[in-house]
Amino acid sequence: MAKTPLQFRHNGRDVAIFVDGGTNLLVALRELIGDMTPKFGCGQGGCGTCSVLIDGELHLSCLTLAETVAGRSVETLDGLKEGPNLHPLQRAFADNFAAQCGYCTPGMLMAAKALLDRNPQPSRAEVVEAISGNICRCTGYEPIINAVLAAASGGRARA
Amino acid sequence: MPVTVKTFTSTHDAAAALSSDRSARYLGGGTLVMRALNEGDISISTVVRASDHAMTRIDATGSRITLGAGVTFARILVERDLAFLHAPARSIGGPAVRNMGTVGGNLFAPVPYGDFTVAMLALDATVSVQGGLGGREIALDEFLQSRDRQTGVLVLAISFAKPGSAEAFRYRKIARIKPKGGAVITLAAHLPVNGSRIVGARVALGSMAPTPIRARAAERALEGRSLDASTISAAAAAAVEGTSPGDNALASAWYRREIVGVHLKRLLSGQE
């Protein structure tokens, strides 16, 4: 079966690949582009570890048909750091022990980024809601919630 | 296994492609079809898409509301005119699922999903479908009864009359995980009042049968009466009639039958 050409922006860089029909965006990112930061968890939309931003909006890459991102902008955890420096969210996750096994962390960080991009000073309830589609089996969520709140208040301190 | 992806600008062409190929599925937000492909569902060999903007249109200005099948739950949550639907929209998935999942796709979501359809059923919604031979309107109730045979048609939109007042429409989802989780059961009621009497009572239940269903016995108990304690008790006692829930990891069929009346009573009494 013929492959389909696909072009989109990946973390600010134009990429062009060929995909098989029905390939999901997660497979395209990991196996064709080599961005291993979004993880495969459930493949059903239940765990959130494959979360990415498409045109700034949180999506599950495992449930996104790769062809539907043609001409759009896809952001993954790989694009979060600023040069050699960690993003404030990544720093807050490290400082607050918000990553244990680390498997949920890419999705948690992208869900948190989606929240802070449109709501820089969220309440605790808004943070809980924002990460409600992401499952963590290690931390009990509290350190993650605290980390997102710390990153938000850190932003305010800098401003 | 690779599948063929066909994208059409017109819904007419997309419907023709769907109706001519039994192994074709329409891809909306992806939360059902991509999941099936990820699980290796070999019954799907063609994925059909339509880029027609009519599929994502919301018309909520008049007394009759129309939601394009491709409208996402996230979009409903930012529509002030659709405030009465914010509770069902918010009860679905996390933010990513709400950014992807659509009103049309929800009509096909199996138990324990399909919460929004329960709300639509209580509002007596009508589904606009496009088949190979043309378009037609079909009552949601009827659509759901033959849902398994509807894969060859394209759902274009869903429409319903706006509730007369905010109190007339009520919704409740029982889930073990908050704020996100599959439903133990889902309940919605539309209780238009004329004077002090309920006229045109609708009660819909999710996860109490393979598809969302109307609780007709409960509706009969409410019809023509005022919403007092004895009416509420009668409706609650009748809630389980005609249901056929199944067992799953969230709850047993026995448990669902036991609690449906309890939660209908709370819904009708306005209890949290």
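Is Ile17(A) buried, partly exposed or exposed, judged by the other C-beta atoms within 10 Å? Select Ile17(A): the residue is partly exposed, with 18 other C-beta atoms within 10 Å. Here a residue is buried if 20 or more other C-beta atoms lie within 10 Å of its own, exposed if 12 or fewer, and partly exposed in between, the C-beta atoms being placed from the backbone.

The model is predicted: local features need pLDDT of at least 70 and side-chain atom pairs count only at pLDDT 80 or more, whereas totals for chains, interfaces and linings use all residues. Residues are numbered from 1 along each chain as its sequence is written, while chains are lettered from A and ligands numbered from 1 in the order in which they are written.

**Stop 1: around Ile17(A)**

Ile17(A) belongs to strand E2 of chain A. Helices (H or I, at least four residues) and strands (E, at least two) are DSSP runs, numbered from the N terminus. Next, display Leu6(A), Ala28(A), Leu32(A) and Ile33(A), which Ile17(A) touches when residues up to four places away in sequence are not counted. Contact requires that the C-beta atoms of two residues, placed from the backbone, lie within 7 Å. From Ile17(A) to Leu6(A) the C-alpha distance is 5.3 Å, although 11 residues separate them in sequence.

**Stop 2: the strands of chain A**

Select residues 4-10 and 13-19 of chain A: these strands, E1 and E2, pair in the antiparallel sense over seven bridges. Pairing means that DSSP finds at least two bridges between two strands. Gln7(A) has Ala16(A) as its bridge partner in E2(A). The hairpin has two residues between the strands, and Asn11(A) takes a positive phi near 50° there. Within E5(A), Ser73(A) is the bridge partner of Arg9(A).

**Stop 3: chain A as a whole**

Zoom out to chain A, with its five helices and five strands. Their order from the N terminus is β-β-α-β-β-β-α-α-α-α. Of the 159 residues in this chain, 47% count as buried. The C-alpha trace spans about 50 × 30 × 25 Å along its principal axes.

**Stop 4: where chain A meets chain B**

Show both chains: 27 residues of chain A are in contact with 22 residues of chain B. On the chain A side, the elements that give two or more residues are strand E4 (57-60), helix H3 (105-118) and helix H4 (124-130). E4(A) gives the most, with four residues.

**Stop 5**

Which residues of H7(B) are buried? Select residues 115-122 of chain B: eight of the eight residues of helix H7 are buried, so this helix is largely enclosed by the rest of the structure. They are Asp115(B), Phe116(B), Thr117(B), Val118(B), Ala119(B), Met120(B), Leu121(B) and Ala122(B). Just after H7(B), Asp124(B) takes a positive phi of about 55°.

Finish with residues 253-269 of chain B, helix H11. In H11(B), the buried residues are Arg256(B), Val260(B), His263(B), Leu264(B), Leu267(B) and Leu268(B). To see what the buried residues of H11(B) pack against, display strands E9 (169-175), E10 (183-190) and E13 (202-206) with helices H9 (216-222) and H10 (229-238) of chain B. Just after H11(B), Gly270(B) takes a positive phi of about 75°.
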